[in-house]
Amino acid sequence: GGGKPAVPPPVIESVEPYPEGSMVKAAGKSTVLIRGREFGTSEEDRIVRLGDTEALRTDWISTDALIAHVAPGVGADLAVQVQVTGVDGSPRIGLSPYSFRYSAPYVFDVSPIVVGRPVVGPAEITISSWGVGLWDTNPEAQINGVTCVQTRWVDNQTVVCQVASNQRVALENPEVKVAGQRSSCHILRPGICTVSLHHRSPNSPKALKVQIRAIEAHGGDASWLKERLAAMEKSYSANTASLPCKTWQDCRVKSFDGAVVSGVIMVLTGVCFFIAVFFAAKAATVIYTWAEHEFLVRTGKIAPPDEDDEDSMNPYELNIRLF
């Protein structure tokens, strides 16, 4: 009865990206903040496991907060385990299921670009997407809701979709599904990330709202989907491979800027096109008038103008001289 009371095991209350709003990248080296109780003292050893992978490093902040440096991986609804080993060598383990997720894939480009007509197989379509994984994660790709007959993993930001022979696919709404997580489409080029013929993109806000209602109806936590929905509704496009955004807030800002720049470029291109057409038509008219005049002079149907007497010319001939 007078023995030393047992030390309670760790209790995990929440696992959130750190800093707040940052992405948990499939490439690893992101950090998450674990809040709870009974995380021990700074002198004790501790191990954090996120899913099936041990964290690269764990920083003790206090008895109720830890910062874990995430190892590479993919997936959602993963368990989190905190193990604290006391000076006597006995481990104390706390477990929280369905508490951790990597950021979902983020499609930012597709190749080749074919807008306005379908792609007819056999063909290969390269989809550029952050968060596919550092190893072959068996991704599944779709183009406008049509599943690719084969999806080949290339690297953490590239998959190749194989379109079946004689299959016709509209090159819209490319999607990559990795470990149960579906990507969002944020390609800058107009006509790619759009609503499909059934009025519902695989990644449309409407589809996410349906998922949120279904999860909450079963008592689940859909906060991560709500964050994704908010980011999707405020963003138009993604950043480039050379300059990726690191947080959803950063993505939204740069995406809005990209949309504005794209709109300005499109307007200027249209204006330049109409100006070019106008002057081309004007030049063609003048050249035709000159050729017709020369023909009439050479055939003797009209007299050549006096080179020094502009008053003797009619306005039609004078216009040719001045041009």
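Q: Let's start with the open sheet of 4 strands: which order does the sheet have?
A: The general idea is that strands of a sheet pair through backbone hydrogen bonds, either parallel or antiparallel. Here the open sheet runs in the order 4-3-7-8, and its pairing is antiparallel. Strands, like helices, are DSSP runs numbered from the N terminus: a strand is E with at least two residues, a helix is H or I with at least four. Two strands pair if DSSP finds at least two bridges between them. Keep in mind that this is a predicted model, where local features need pLDDT of at least 70 and side-chain atom pairs count only at pLDDT 80 or more, while totals for chains, interfaces and linings use all residues. Residues are numbered from 1 along each chain as its sequence is written, and side-chain values use heavy atoms, with hydrogens and water left out.

Q: How many bridges join strand 3 and strand 7?
A: Strand 3 and strand 7 share 6 bridges in the antiparallel sense.

Q: Which residues make up the covered face of strand 3?
A: The general idea first: in a regular strand the side chains alternate between the two faces of the sheet. In strand 3 (residues 45–50), Arg46, Val48 and Leu50 make the covered face, while Asp45, Ile47 and Arg49 make the uncovered one. Valine 48 has 0% relative accessibility, so it counts as buried. The cut-offs are these: buried is under 20% relative accessible area, exposed is over 50%, and partly exposed is in between (1.4 Å probe, protein chains only). The C-alpha atom of valine 48 sits 6.4 Å from that of glutamine 83, although the two are 35 residues apart along the chain.

Q: Which other strands form a hairpin with 2 residues between them?
A: Strand 5 and strand 6 do. Strand 5 (residues 57–62) and strand 6 (residues 65–69) pair in the antiparallel sense over 5 bridges, with aspartate 59 opposite isoleucine 67 in strand 6.

Q: Now the disulfide: which cysteine is joined to which?
A: In general, a disulfide is a covalent bond between the sulfur atoms of two cysteines. The cut-off used is a pair of cysteine sulfur atoms within 2.5 Å. The structure holds 1 disulfide, joining cysteine 148 to cysteine 161 with an S to S distance of 1.8 Å. Cysteine 148 lies in the loop between strand 13 (146–147) and strand 14 (150–155), and cysteine 161 in strand 15 (residues 158–163), so the pair ties together parts 13 residues apart in sequence. The torsion about the S-S bond is about -105°, so this disulfide is left-handed.

Q: Is the pair of cysteine 148 and cysteine 161 buried or exposed?
A: Both are buried.

Q: How many aromatic pairs are there?
A: A pair of aromatic rings is described by the distance of the centres and the angle of the planes. Rings of Phe, Tyr and Trp (its six-membered ring) pair if their centres lie within 6.5 Å; planes under 30 degrees apart are stacked, over 60 edge-to-face, and the rest tilted. The count comes to 4 aromatic pairs. One of them, phenylalanine 273 with phenylalanine 274, is edge-to-face, at 5.6 Å centre to centre and 70° between the planes. Phenylalanine 273 and phenylalanine 274 are both exposed.
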